[in-house]
Amino acid sequence: MNQRLPVQGPQGDLLRLVATGRAESRAELARLSGLAASSVSLRVEELIDAGLLAEEGAGTSRGGRRPRRLRLSAGAGVLAVADLGAHHVRLGLLGLSGDPLVVEEHPCDITEGPRRTLDRIADAFDALLTEHVPPGVPLRGVGTGVPGPVDPATLRVVTPSRMPGWNDFPVAEHLATRYDLPVLVENDANLMAAGEARWWPGTENLMVVKAGTGIGCGVIAGGRLHRGRGAAGDISHVRVRSDSSVMCACGHPDCLEAYASGAALMTALTEAGIAVTRPADIVTLVNDAVPEATSLVRGAGRRMGEVLTVLVNFFNPDVVAVGGSLSAAEPLLTSIRAAVWERCLPLATRDLEIAPARAGRDAALQGAGALLLEAALTM
């Protein structure tokens, strides 16, 4: 059952506060929203009647009688989200709070084109909903991340470097033919940043680097995802210094991705006679102390660090979190840190933390859930 959230204005603001865990009582809602207690109570009752909120037990006391605890109703609805990679897709059903209810991963070849790929994702969503969601619990929104730039105004993929047939494809419009619901389409690194932000409470300015088959970066500025015109954070095609010249898939020479991405490292290892089929194989080789793999990963980290040096000096983030399949190789993070500490201004790195990402493999799904809930509450 597909159904849009029946909320508007202040109701949506109150539901968001409960869904994100910022409020669990009527008193907290009044304090955080600035609404009068009587207005909050009226709207909470409406949300309970609509089957979106439930009130039970006792919450945390701030003195006096313990308030009854508000939570999302079990039947409030689910969100269907996907994280599409070059060779796989990770699919999940989330509660409105963003917590995964079920997650699956399937092989998927993005070069088959957008229609076939998106239809397979939609078929997989339908199967998950049939198998795992009780009758009467509605689907409230659908979202997918893609490994390429997305125009936030049109939700179309724009000039991706490794997605043949996807340029200017109306991803949201295509999914909307299956689901008359809010549809989210976003760059995968941006989704990863939105999901990772939940794991760094109090951090207002965050950069999240995704090091996998490709290289991406999502930016959280002032506590919100910064999209720009759709290419914000795209470090993959920044030109790097090199004694040789390598042509990138984008058509320009010496992009960071041409030297430091998982795809570039796999090509170099294959040319050296070492068989690898995915970035995770590189991590295994590094852990097994294969010198060719370790040297390549160190070089990749150094090049990423050189690019990040400019961004850290410019943006002054509180945290640079490094995720993606290559991030499990310790020399990558060590080399990134060394380059940034060496080249950045002391004031920019004084309180900077460069650390492994915390959200794990479901970061993009959690980010999609958070952004999709926002979209569902404002449409």
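Q: Is Arg120 buried or exposed, or in between?
A: In this predicted model, Arg120 has 38% relative accessibility and counts as partly exposed.

Q: What does the Arg120 side chain pair with?
A: Arg120 meets Glu112 in a salt bridge, at 3.2 Å from N to O. Glu112 is partly exposed too, with a relative accessible area of 34%.

Q: How many salt bridges are there in the whole structure?
A: A search of the whole structure gives 25.

Q: Which residue does Asp123 bridge to?
A: Arg178, with an N to O distance of 2.8 Å. That pair links distant parts of the chain, 55 residues apart: Asp123 is in helix 4 (residues 114–132), and Arg178 is in the loop between helix 5 (171–176) and strand 9 (183–187).

Q: And how accessible are those two, Asp123 and Arg178?
A: Asp123 is partly exposed at 45% relative accessibility. Arg178 is partly exposed as well, at 32%.

Q: Switching to Lys210. What is its partner?
A: Asp188, and the closest N and O atoms are 3.0 Å apart. Asp188 lies in helix 6 (residues 188–196) and Lys210 in strand 10 (residues 206–211), so this bridge ties together parts 22 residues apart in sequence.

Q: Is Asp188 buried or exposed?
A: Buried, because its relative accessibility is 9% and the cut-off for buried is under 20%.

Q: Which residues are linked in a network of salt bridges?
A: Arg90, Glu105, Arg361 and Asp362 are linked that way.

Terms used: Residues are numbered from 1 along each chain as its sequence is written. This is a predicted model: local features need pLDDT of at least 70, side-chain atom pairs count only at pLDDT 80 or more; totals for chains, interfaces and linings use all residues. Side-chain values use heavy atoms; hydrogens and water are left out. A salt bridge is a side-chain nitrogen of Lys or Arg within 4 Å of a carboxyl oxygen of Asp or Glu. Buried means under 20% relative accessible area, exposed over 50%, partly exposed in between (1.4 Å probe, protein chains only). Helices (H or I, at least four residues) and strands (E, at least two) are DSSP runs, numbered from the N terminus.
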